[in-house]
Amino acid sequence: MAARGAARRGAGAGPGRGPDPQEEPPPPLQAVLVADSFNRRFFPISKDRPRALLPMANVAMIDYTLEFLTATGVEETFVFCCWKSAEIKEHLQKSKWCRHTSPNTVRFVTSDLYRSLGDVLRDVDAKSLVRSDFILVTGDVVSNFNISAALEEHKLRRKMEKNVSVMTMIFKESSPGHHARCKEDDIVIAMDSATNRVLHYQRTQGLKRFRFPMNLFQNSIENVEVRHDLLDCHISICSPQVAELFTDNFDYQTRDDFVRGLLVNEEVLGNQIHMHVTTEEYGAHICNLLMYEAVCSDIIRRWVYPLTPEMNFTDDENQSYTHSKHNIYRGVDVSLGHGSVLEENVLIGQGTVVGSNCSITNSVIGQNCKIGDKVVLDGAFLWDNVQIADNVEIFHSVVCDNAEVKEEVKLKPHCVLSSQVVVGPGITLSEGTVISLHPPDEEEEDDDQFSDDSGVNKEENKVKLKGYNKKDVGSEGKGYLWKADDKNEEDEEEQRQSLWGPAVHSEEESESDSDLSMGSEEPDSRAASPQLDDIKVFQNEVLGTLQRGEEENISCDNLVLEINSLKYAYNIGLKEMMQVLSKVILEFPLQQLDANLDSQNYFSALLPLLKNWTPLFKNYIKRASDHLNALFAIEEFFLEHDSLCTSIAKVLMTFYQLEILEEDVILNWFSLRDTSDKGKQLRKNQRLQKFIQWLEEAEEESSDGDQD
Amino acid sequence: MPGAAERGAELREQMEAFVARLRGGGGRPRSEDTARHTLALLRKIIAHGHWGSAGELMELIRAEGRRMAAAQPSETTVGNMVRRVLKVIREEYGRLRGRSEESDQQESLHKLLTSGGLNEDFNTSYPTLKANVIEAINELLIELEGTTDNIAMQALEHIHSNEVIMTIGYSRTVEAFLKEAARKRKFQVIVAECAPFCQGHEMAVRLSKENIETTVMSDAAIFAVMSRVNKVIIGTKTILANGALIAVSGTHTLALAAKHHSTPLIVCAPMFKLSPQFPNEEDSFHKFVSPQEVLPFTEGEILAKINVHCPVFDYVPPELITLFISNIGGNAPSYIYRLMSELYHPDDYEL
């Protein structure tokens, strides 16, 4: 309920450009396009331009996504923008999508309040924008997939099984090691091969071992397929329920959260997720620069046909290309100097001038670039209006709008020059250099709150650059180095990974990566075998609760309440509960102090705790069987910790004195015959025997007293 | 006039849809369908567009035609139909101005040399022009309907009993041609499968349903089998101005093998596939599709290191072709230029 309220508020605060549903006839197919990635992977490039507008083969990413949606028959698209929404809007209004002849009506929903995909979908629900099944994509999907078959399957499933299936995810088959397979996005999926139902979904990044819940294979499903040869296209067909589910579960931030949540709670909520695997069509999602490079080269190599440059699907006059042998694409008014060679897979935008004796291969060059003589470009991605002077060499790097590279500069692989940067002359940028006009420590002032750890290393790395560092950008250079090349090796690693993706150095794991994998692992391991692990988890929870109680002096009543709720949450029986509680409390001093306590210290540490928590025990130990269970737990504990054996008598004495355990039960327990050898040994403990003797005597005395 | 505005908007929408479909290149549209669609759209433009004189109309048609033709350069039919319509407008206009058809059609060599200022002006407006042009376009549409049958009717002149015919891929025209012959004669057909899309399989299935003895073979076997073949009959996408072909890839191999064995190569193609373009622009109407069929995307690592190409068409030079069979009869490649000048006005070669 709280979430619903929050979403409403969010919607109210936004410009609220949602269309009135009553106004037009119900359109057959709608799409929700999220033109924001809600992370900073493309910083500093995306500081100047939102990610959705980054040019892929000289066409903005979002145009590919919209073309895909239009080609697949979508008639109404909601574009949700947050970061730099005005620019996205301006771009789209100029494009063919906003012409009245466009078969796909594009509507904008902008709000600065979106923090995640979850927020967007909650807003979709709050404004009730979708009326039937819709397609959910992000603004950086390049695909020529025809969704109709998958949509048909999806609809049929929903018809057959009363809306059980809420989502169909689209995957592309591609074997591991494929260059368009993003390491960050690698997944392992278990599916029911008969119905294409997703049974288990797990990201594999940084994991060496995968765990699958046992019940996956115990269920009545005949064939379970476990697949690692799939590429997530980030295209999903969703039913309106998806938006509702996001509203109901306000902690869902990403689609991953959603999928995981749905799979874990499948039995409770009864919702299912299905998948559709395509082999023929292309589909990829650009999540880092490595993927950017891979997808760009796939476009140039015509894998995404018919979305190839010479098709000019954006219908922009400046974007007409001719295609010739070896995948050379040339725009209008391109001039090529004497002796220059375009080897293969080259795209040159309109109005670009290339000097003489250049060698260009596997590159994309934007519009109106000026390239000097004897330039070598291999795997270079130059955006519009880039100036390259003579004798420059650029390998596998990105040079953004209006940047300038002066004479004799050499860019080693994976460099990034963001817009309007000037470098040179005569310097060599080492591998992975990132230069931007925005100083790296500008970060804190920024009020954009995409929570990403990239901000953290920026702070450590405070190199207060007043002017431009001539050593980094050359004597005529303009721009700040976004990280040091040599002094802070780790930082560099992290930075490069956030921009280029982990495949550059796949062995190393950055912080964010391990966070991610942990997040994905935890719920899975819990689901793996619930009966066994629940007790373990419960025990940890109880321990945590008690620790907190100890530190913050929480009253026993409240502790009881908390433990009770835990007990219900994990569905623990009273017997196990008793055992766990005794065990936890007895282990408590060991946890707190150190594992090798001698029995004397141990007892002195335990005593105050026992006194404190007496009401706790009293609350749970009521019947004779409870007493016995507690005793068994105590016995088990002391059997495990041989060195502490001697204090068992004292502990029992305390329990007795605090009136937690009754003497009858203790005697009863002691006299039990069917115990193990070790148990017998324990009972031979002198102090224990003395204690028992004392107890017996006391009993006799009291009974004598009774008789008197 | 809200009605006109609405119709205009509707027309624009249809245009965009057509262009988008051409661009998408999805499926394998029949050239005949494309031709009919183009004509229907042009007819609508003539009926609903804003124009006063023939000159304006031609300008309008040319502009729209350029857009449609540019959407998919390999679909030359679109451009051809636009040229046909332009020619129709010229003729109708000329007739209204009272010029005799005779003199217009038969331009003598002398006239060609002396007619320096032939550029007539198209500015006079005739109210009947619209109706006349639309009438002529309707005739053109009817002509389109009958092309395949017209070609098929000539089958018996070319296919004799017990002959072995080779063909490649799938062409509706060739299918109709062979089926027509099969009603009277018995012969054997060998179909090259035309990898990677293997349209040949479909062709073979369709032929065998008509009880024609059909064999499918791989493209690699073309040369080996050619010695047994009496005739090669193929379809084509486009006939170029010099009598060359733009046909499905694999055709060049077939044509060379036929030449080597001196087997006659017959091309069945309706007149609307005749395009006044020359092969020096061959790049522009080539079509490369996704390499998926050649080397699947699932291949993995190797794809980053190699370039895979998947061309759809082959260029077949005119000297490899024996005969063209069109809806108006059989012609040698060297005669194509003459047909061209009958179909299109020289000023319209460049749209």
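Me: How many salt bridges are there between chain B and chain A?
Reply: The count between chain B and chain A is zero, where a salt bridge is a side-chain nitrogen of Lys or Arg within 4 Å of a carboxyl oxygen of Asp or Glu. This is a predicted model, in which local features need pLDDT of at least 70 and side-chain atom pairs count only at pLDDT 80 or more, while totals for chains, interfaces and linings use all residues. Residues are numbered from 1 along each chain as its sequence is written, chains are lettered from A and ligands numbered from 1 in the order in which they are written, and side-chain values use heavy atoms, with hydrogens and water left out.

Me: What makes a residue pair across the interface of chain B and chain A a polar contact, and how many are found?
Reply: A polar contact is a pair of N or O atoms within 3.5 Å; within protein, one must be able to donate a hydrogen and the other to accept it, and residues adjacent in sequence count only if both atoms are side-chain atoms. By this rule nine residue pairs, both at pLDDT 80 or more, are in polar contact across the interface.

Me: Which elements of chain B give two or more residues to the side that touches chain A?
Reply: They are α1 (2-24) and α3 (54-71) of chain B, helices being DSSP runs of H or I with at least four residues, and strands runs of E with at least two, numbered from the N terminus. The largest share, five residues, comes from α1(B).

Me: How much area do chain B and chain A bury between them?
Reply: About 2,600 Å², 53% of it on carbon and sulfur atoms; buried area is the accessible area (1.4 Å probe) that two parts lose on being put together, summed over both. In chain B, Arg23(B), Phe288(B) and Phe297(B) lose the most area to chain A, together 28% of what that side buries.

Me: Why is strand β1 of chain A called largely enclosed?
Reply: Buried means under 20% relative accessible area, exposed over 50%, and partly exposed in between (1.4 Å probe, protein chains only). Five of the five residues of β1 (residues 30-34) are buried, so the strand is largely enclosed by the rest of the structure. Gln30(A), Val32(A) and Val34(A) cover one side, and Ala31(A) and Leu33(A) the other.

Me: What makes β1(A) and β4(A) a pair?
Reply: Pairing requires at least two bridges found by DSSP; β1(A) and β4 (residues 76-81) have five, in the parallel sense. Gln30(A) stands opposite Glu76(A) in β4(A). Five bridges also join β1(A) to β6 (residues 134-138), again parallel.
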